[in-house]
Amino acid sequence: MSNIPGGRGAVGNQSFSKVLPTYQFAWDSTSLGLLKECPRKYYYTNVLGKERSDSSVHLVFGSHYHRAHEIFHHARSAGAGHTEALHAAVRYCLEATWDRTLGRGWISDIPEKNRLTLVRSIVWYYEQFAEDPLETVILASGKPAVELSFKAEVGEAPTGDPLLLCGHLDRVATIGGDTWISDYKTSKGALGSYYFQQFSPHNQFSLYTFASEFVYSLPVKGIVVDAAQVGAGFSRFQRGFVTRTAEHHEEWFKDFKHYTTLAYQYAAEGYWPLNDKSCGSYGGCPFQPICSKPPSVREQWLGGYANRQWDPMVSRGQEF
Amino acid sequence: MSDAANPLLEADPLSLDELFSRDPLGLNDQDIGKIVSDLRRQRVKWKITEDLPKEAKAKPKASKKVDLNLSLGDLGL
């Protein structure tokens, strides 16, 4: 697997070991989730640094949606009123989705996720939650606890590198005297109890609550999920509360160590097995066209994929 | 008709589509406010339907009965 064209994604990626360059010692929920889903998909994505060249509309939309919320909360904590903060978030959405070179807005081929539905979702969210009992925690620095990047050592990797947990919390907030991690999700599908069931168990949320409780001694009740169902003509919101117990955390951390040990074994052997039961999950794996080809010709086809390095060590917001 | 008498020349706020098609750096606070208030109005309209009971939202089903006993005479030509 070492002769894949452009397959040097992990080179220069600080989350990978210098001792064994295909072994990742700094883990975030995205990396761990990929490994759990399919070791081969993880290998193509994280070790080789490959992605489909047409970047996902869902990713672009989700990223702007999160950033707009962040701007709103920063503005509010800086003293701006509700409307002023909302205008700042709307202005961000419009500017971030405007192509200066082409002189036009972002064109999406998905009717549910485009410039208008992005701005509408932000405006409608803050209409529904205009009187929100959830209050953003203000850090000792005086800044709001929004988009917090964390990096914590939780052990030693087999390579001798520190075993790290990394991530980004959307927001830490209080409600009724309890502290919660607040997370925004967008979906095309319907919301309801069935939608919220998917978060227990849930790799990302367990990592977040584990990190808060055991690494930072910040006792959080769990995650407040503000889910948005974004349709072509509407944005519907529902708030769900997802809790974790100490036992859940213990189990999750045991699994985390198990999976990262497997990652070391795959890297040492130079072989990442394919999980053919997950090819159709999440709308279909982007590497399914590669894995469908005979192993002897797969390498040449990876050249058609774009290079992108996923490095959990890169901080996205304030250090927590 | 003089300009003053022409009602079409009165302040004509831009539509949502027009505001979205403009370079956002050229939008002033009033434009952003217009976008927000238009979208709020859209939500009010949507909420009216959203809050209706399910039965009231359901579209009436078309009758499955179709009278196929037609002749050219029925066209009234």
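A polar contact is a pair of N or O atoms within 3.5 Å, where within protein one must be able to donate a hydrogen and the other to accept it, and residues adjacent in sequence count only if both atoms are side-chain atoms. By that rule, chain B and chain A share 7 residue pairs in polar contact, both residues being at pLDDT 80 or more. This is a predicted model, in which local features need pLDDT of at least 70 and side-chain atom pairs count only at pLDDT 80 or more, while totals for chains, interfaces and linings use all residues. Residues are numbered from 1 along each chain as its sequence is written, chains are lettered from A and ligands numbered from 1 in the order in which they are written, and side-chain values use heavy atoms, with hydrogens and water left out.

**Interface**
- In contact (heavy atoms within 4.5 Å) are 20 residues of chain B and 21 residues of chain A.
- The rule for salt bridges (a side-chain nitrogen of Lys or Arg within 4 Å of a carboxyl oxygen of Asp or Glu) finds 4 across this interface, and B:R40 forms a salt bridge with A:E127, with the closest N and O atoms 2.8 Å apart.

**Aromatic pairs**
- Rings of Phe, Tyr and Trp (its six-membered ring) pair if their centres lie within 6.5 Å, with planes under 30 degrees apart counted as stacked, over 60 as edge-to-face and the rest as tilted; the count over all chains is 25 pairs.
- The rings of A:Y43 and A:W272 have centres 4.3 Å apart and planes at 25 degrees, so the pair is stacked.
- A:Y43 is buried (under 20% relative accessible area, against over 50% for exposed and in between for partly exposed, with a 1.4 Å probe and protein chains only) at 3%, and A:W272 is buried at 2%.
- A:W124 and B:W46 form a tilted pair, 5.3 Å centre to centre with 35 degrees between the planes, and both residues are buried.
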